[in-house]
Structure formats: C-alpha cells, structure tokens
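Please keep the sequence and the model open while reading.

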Amino acid sequence: VAPGSAGLAEDSSPDSAKRSVPSAQSGAAEDRELELEADAMEAAEAVGSGLSDKEQLELDVEANMLKHQAVQDTFPISLGDFMRLFVEDNAPFGFAKFHLEKGDVAVEATEWKESLAAIGFSRELRFIKPLAFSIGPNKTRALKVQRYKRFGDEGLVLCSSTSLEDIPSGDAFSVEDRMFVRATGPRECSVDMRMQVKFVKGTILKRIIDTTTTSETIKWLQDYTSAAKAFGERHTAGEGGAPAEPHGDAPAAGTDASAAGAA
C-alpha cells in the first residue's frame, strides 16, 4: 500500500467510532483471518485428542509462543470474570475501549463468531490510528484480526494479528500478539502476553520497523494490562457487582505508531 492518507476518514469525533472504515480492507481481513485459522489448525493438530483441558491449554500456548514477552502479571479475578470484563462482546474494558482511550478513532469491532471447534471464535477490529512521524502520513487505517479459544475452566488463548494500511512498507509485515490466560485460583488468573513482528516480504525498512514496532507494541500491551488490571481490581472491590466505568487514570492517548493496537 502506497504511503499517504488518501481515503482516510476525516471525522475524529467520538461518534466516528460507530462508522465504517473503507471496505478496501476486506481482502486484508480475509488474509489475516486465514493466517490465524491456519495457525490455529496447526496448534490443534499439535494438541491432539484425549487430553485434559489443562494439557490442551499448555500445548496451545506452546504452539502459539512468540519471541518477545511483553507482560507477565496476575489479576485478582476469576477466569469467567476475565472473559466477561475483557473478552466477550460488549466487554466493559475490551480492546476496542482501550483503542479509543489511546486516541484511535473510527473504532469498530465485529461480534465474535464461532469457527471450527479446533479454532474457537474470531472477530475483526478496525480503527484509524494517529501517527507521530516527522514525515509521511499523520494517520493510518488499521486492521486487527483476533481469535480466541477457551479451555474449560483452565484458561484461554487469544491471538491477534494487526496490519497498518497507509504507512511505508505497511504491506510487508504484521504485528502478532498473544494473550495466554491461566486460572490459578478461584478468583485469580495469570496473564502472559507476547508479541513478534512478522515479515511477509522484504523491505529496506525491516530493521527500523522491527525495532520501533517491537518497542511500541510492548509498551501498548503493558499499558493495556495495567489499565485492565486496575479495572479488574475495582470490580473485585465492588464484591462482584456491576463493574465501574474506567476512570481517567488509564494511559493517555499517545503517539504510539505500532500495529499492536493488540493487540
């Protein structure tokens, strides 16, 4: 995709989160979803059958392991509450919510749809991300394709693949991130997040893309985890009542130019 901002939505108001991003991303979405499905099928083949949920979870984690660890933390909530607060459709502190808090606009998330049993559920997030480059476009269309699978009461694996449409060499790479959640107690989960830049073709910008995007993506995932954990702690403090809306202590909208969005 050629650099530039032509074809980008111009309205950056909150209402723009409800509007559609141009359909030029349809092919990219299908490609990303097929890649995640292929990875999931490979993971499922590695897992095999006749294993316990815990054994399947650990094999799926191993099959989806990425190069860089971004987060290793513990949340004081049950696996079911983690799903409800952060993963399910209309989760009060899902990825779409945090994209808006980080300054992204025109954020749209499809509902989770069930795929093959071996894959779990999949969805798409589309948004426009402001950029802070001294040259080049000042914003870009972005696409995040996600899929997750829950392994009973043991945990879940959530995989994300993000691409940027309007930056130099944006068609040469995607940003992969993985969230591994394990139930470690009745009201406790461990959260491990990893990421890696995946290049699908050569580019002279490979080194700078890899270095910069890795750093910025790890920071984004850490910011999301910190804000999500604080939200979960407020939920716990309310003794399981309706979660409070996130307040202003979440990380401010920044100049993150990574594709993690990640998610």
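In which crossing, left-handed or right-handed, does α3 pass α5? The crossing of α3 past α5 is right-handed; a crossing counts as right-handed if the near helix is turned clockwise from the far one by less than a right angle, and as left-handed if anticlockwise.

## Basis of the model

This is a predicted model, in which local features need pLDDT of at least 70 and side-chain atom pairs count only at pLDDT 80 or more, while totals for chains, interfaces and linings use all residues. Residues are numbered from 1 along each chain as its sequence is written, and side-chain values use heavy atoms, with hydrogens and water left out.

## Overall make-up

The protein chain has 5 helices and 8 strands. Helices are DSSP runs of H or I with at least four residues, strands are runs of E with at least two, and both are numbered from the N terminus. Along the sequence their order is α-α-β-α-α-β-β-β-β-β-β-β-α.

The protein chain has 263 residues, of which 48% count as buried. Buried means under 20% relative accessible area, exposed means over 50%, and partly exposed lies in between, with a 1.4 Å probe and protein chains only.

## Helices α3 and α5

Two packed helices are described by the angle between their axes and the distance between the axes. For α3 (residues 79-87) and α5 (residues 206-237), the angle is about 120 degrees and the axes are 11 Å apart. That angle makes α3 oblique to α5. Angles under 35 degrees count as roughly parallel, over 145 as roughly antiparallel, 65 to 115 as roughly perpendicular and the rest as oblique. The axes are lines fitted to C-alpha atoms over the stretch in contact, and angles run from 0 to 180 degrees between N-to-C directions.

On the α3 side, Asp81, Arg84, Leu85 and Phe86 meet Tyr224, Ala228, Phe231, Gly232 and His235 of α5. The residues of this contact divide into 5 nonpolar, 2 polar and 2 charged. Here Ala, Val, Leu, Ile, Met, Phe, Trp, Tyr, Cys and Pro count as nonpolar, Asp, Glu, Lys and Arg as charged, and the others, Gly among them, as polar. Helix α3 is largely enclosed by the rest of the structure, because 7 of its 9 residues are buried. Those buried residues are Leu79, Asp81, Phe82, Met83, Leu85, Phe86 and Val87.

Ser78 sits in the loop between β1 (68-75) and α3 and is buried at a relative accessible area of 16%. Not counting residues up to four places away in sequence, Ser78 touches Pro186, Arg187, Glu188 and Cys189, where contact means heavy atoms within 4.5 Å.

Val71 belongs to strand β1 and is buried, with a relative accessible area of 6%. Its contacts, leaving aside neighbours within four places in sequence, are Val191, Asp192, Met193, Leu221, Gln222 and Thr225. Val71 and Met179 are 108 residues apart in sequence, and their C-alpha atoms are 9.0 Å apart in space.

## Cysteines

A disulfide is a covalent bond between the sulfur atoms of two cysteines. With a cut-off of 2.5 Å between a pair of cysteine sulfur atoms, the count is 0 disulfides. Cys159 is buried at a relative accessible area of 0%, and Cys189 is buried at 0% relative accessibility.

## Positive phi angles

Ala106 is not a glycine, yet has a positive phi of about 50 degrees. Ala106 lies in strand β2 (residues 105-109) and is buried at 3% relative accessibility. Ser169, also not a glycine, has a positive phi of about 60 degrees; Ser169 is in the loop between β6 (155-164) and β7 (173-185).
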